[in-house]
Structure formats: C-alpha cells, structure tokens
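The following paragraphs go through one protein model and its ligand. Keep the sequence and the structure in view while reading.

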Amino acid sequence: MFSVKKIAESSSNNSSVVECIPPEYVYQNNNSNEDSVILDDEEAQNTTIPTIDFSQLISSNPADRSKAIQELGTACTDWGFFMLINHGVPESLREEVLRASQRFYDLPDEDRKQYQAGDIFSPIKCGTSFNVNVEKTFLWRDYLKCHVHPHFHAPSNPHGFSETIEAYCKKSREVIGELLKGISISLGQEEKYMHKVMNYESGFQMFVVNYYPRCPMPEQAMGLPPHSDHGVLTLLLQNELEGLQLLRNDTWISIHPLPNSFVVNTGDQMEIFTNGKYKSNIHRAVVNKNATRITIGTAHGPPLDDVVAPATELIREDNPPAYRAIKYKDYMSLQQSNELNKKTCLDYIRI
Ligand code: OGA
Ligand code: NI
C-alpha cells in the first residue's frame, strides 16, 4: 500500500471517485475522544489564534518592533500557534509551490515509488499515512519529505519542481530566521540568541508536502492524528481548504487562515530549549469530502547531531531543567518509531 490517492481515485463502478473508505482507514479514536469536543461554529469563530504582523517585527521603528515582539512572545506562551501576515514571501511563489506539489502527485505512482524508503532519514522520502510499519489503521494522507538544509535534496521530477522548492525553502528560512530574532528578544536575550543556541546557520530544515485527497467519509477518517511537531518552528502553507485544528483546553479549534498568511507553530525542540516556557501544542488535520487539500510544512530545527537540552540562560533555581538532553536525531527516531498519537514524545524525556 503506497498511496491513499490511488484509493481515493479508484472506482468499482463508473463514478470517478470511491464512495466509501476501506475499513483500515476508519480512525477509531475519531469520535470517541471523550476528553475533547469540537467547538460548534459560532463558538469557534470567536476563538482564534493570534496574528503576528511580520512587517512590524522587522520594522525600523523601535516602538512598532517591540510591540510586535511582545505579541510574538505572548502568542508563543499562550498558544504555540499564530498566523503570520505581511511576511514578504511573494504570493506567486506560494502558489507555485502548491502547483508544483500537485504536479508531483499527478506523476504516475512509479515516479514517486523510487523514493519509498525504509530509512526514516532518507533525504527524500515518499509514502502514505505516518509510519505504515507500526500503524494498525492508516491515515488519509500521502506525503513527501525532503531534507533541504544544510544540504538540499528534492525529486528531479516534475520539471522545475526542485528549483521551485529550493527558492521557497530559502525564503522560509529567512522568515524563520527573523522570527527567531524576535523570539530571542521576547525571552530577554540578545537578538541572535536562538540562532546560536540552536546552531541555526547549519540547522536542519525539512520540506513536507501533505497530500490529503478528497475523502468520501471524512468523519470516519483522519489526515494527521493529534501530534506535536518535533522541530523548533514550523511554517505551514495551505491551499484553500481548511483542516488544521489545535487542541486548547480539551477543545479542538479549527484554524481559518487569513488570505496570504502562514500558520506558524512552536515545536518540541522549542519547548525543550525554553524549558517549557514556549510550549509545543497538540494539533491534527482532518479531511474533507470536497477536494484535495494540500499543505506545505517547513520544519526548522538544530543540526540533526546536536544534543538539545534546556538552554542554560533560561533555567533558574526556581525553574530547574524539566527535560533530559537528547540528540535531535534520536528524538526524531523516537517520534517515528511510535504511532503518531496524542501522547507527545516530550513525555519520554520529561524529568
Ligand atoms: C504537520 C501538520 C497540518 C496540516 O505536517 O505536522 O501538522 O494541516 N500539518 O497539514
Ligand atoms: Ni504538525
């Protein structure tokens, strides 16, 4: 079983799409989440993640900048999620990445199968679900994951794909680089603090395409189950379809992205570095029955061989280290070796 796209498009009769999903795609926990409810629309519309204006964050006006930095700090403390507007990444580039990703999934399966890898650290990896070797039920999601920094890897097909991805990943690193400066100051440190602590210049960056085909029974299936992201910061670009939800006070909140915005979230390595000040929030991706949803995530972390621990400057006598040190690479292996579920991997290293 290599792709859910194939299942979504297969037909037993003359209709062009399947009518129901195979039993192994029925996500058991979906409706039996006793500890969480989904806000109804009216409530959900009033609950929304903070918005950060990137142009204010890099403003030469000190008052504007410091206000934006304060808002950024509050967003990281209270939510671990925010919407980023006025980020300077051209809309044409964002659209091109989404189009290129669709073209990649328009290729015959065989063209993607060469990247179907056993090793989780393969620089280019294509697959379905999360880790089919450990899962009992499958996710309604295909993926492409490429290591794009410090060394750039991307499929050579379709034509122009690699160039588009490279240009986008470079922009994404610039945006994250600026966010890290704001975050450093919000933590009471100098501007380049996070860059140094996490070795950003030689840091690991991963490019991920999440491809969620149209699903005939969206309530029964799951795109990505509840999880937290492993890195420091993730930048998420989405096509016009919604599906991302985050857990807040045992309630799933749907995120409605503003036009031309990114969703940014803090990951597990950020929570470790800041000794729990900036938490890595649990989120999931639900699927829909209207059309294919595509999201592009770029995850930014320290170099894979770096050992991550709460940063010395951020621990105090009354705030002792709350996480054991762990090599980033080993942390990723740990996450990959388990079924993706609500329990964050941070639980394994909490002191
Ligand atoms: C992820 C993720 C959400 C989405 O890739 O880690 O949470 O909506 N994606 O695709
Ligand atoms: Ni995620």
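At least two residues of the shell around ligand 1 come from each of β6 (204–212), β7 (224–227), β12 (283–285) and β13 (293–301). Strands here are DSSP runs of E with at least two residues, helices are runs of H or I with at least four residues, and both are numbered from the N terminus. The model is predicted: local features need pLDDT of at least 70, side-chain atom pairs count only at pLDDT 80 or more, and totals for chains, interfaces and linings use all residues. Residues are numbered from 1 along each chain as its sequence is written, chains are lettered from A and ligands numbered from 1 in the order in which they are written, and side-chain values use heavy atoms, with hydrogens and water left out.

Which residues are around ligand 1? They are Asn-210, Tyr-212, Leu-224, His-227, Asp-229, Leu-236, Leu-244, His-283, Ala-285, Arg-293 and Thr-295, where a residue is included if one of its heavy atoms lies within 4 Å of the ligand. By type, this shell has 5 nonpolar, 4 polar and 2 charged residues. Ala, Val, Leu, Ile, Met, Phe, Trp, Tyr, Cys and Pro count as nonpolar, Asp, Glu, Lys and Arg as charged, and the others, Gly among them, as polar.

An N or O atom in the side chain of Arg-293 is 2.9 Å from an oxygen atom of ligand 1. For the side chain of His-283 the corresponding distance is 3.0 Å, and for that of Asp-229 it is 3.2 Å. Ligand 1 taken alone exposes 290 Å², and the protein buries 90% of that; the areas come from the Shrake-Rupley method with a 1.4 Å probe.

Now turn to single residues elsewhere in the chain. Is Ser-184 buried or exposed? Ser-184, in helix α7 (residues 161–186), counts as buried because its relative accessibility is 0%. Buried means under 20% relative accessible area, exposed means over 50%, and partly exposed lies in between (1.4 Å probe, protein chains only). The side chain of Ser-184 reaches the backbone nitrogen of Met-194 at 2.9 Å.

Asn-131 is in the loop between β4 (124–128) and β5 (142–149). Asn-131 also counts as buried, because its relative accessibility is 12%. Its side chain reaches the backbone oxygen of Gln-336 at 2.8 Å.

Ser-55, in helix α3 (residues 54–57), is partly exposed, with a relative accessible area of 32%.

Methods. Polar contact = N/O pair within 3.5 Å; in protein donor to acceptor, adjacent residues only side chain to side chain.
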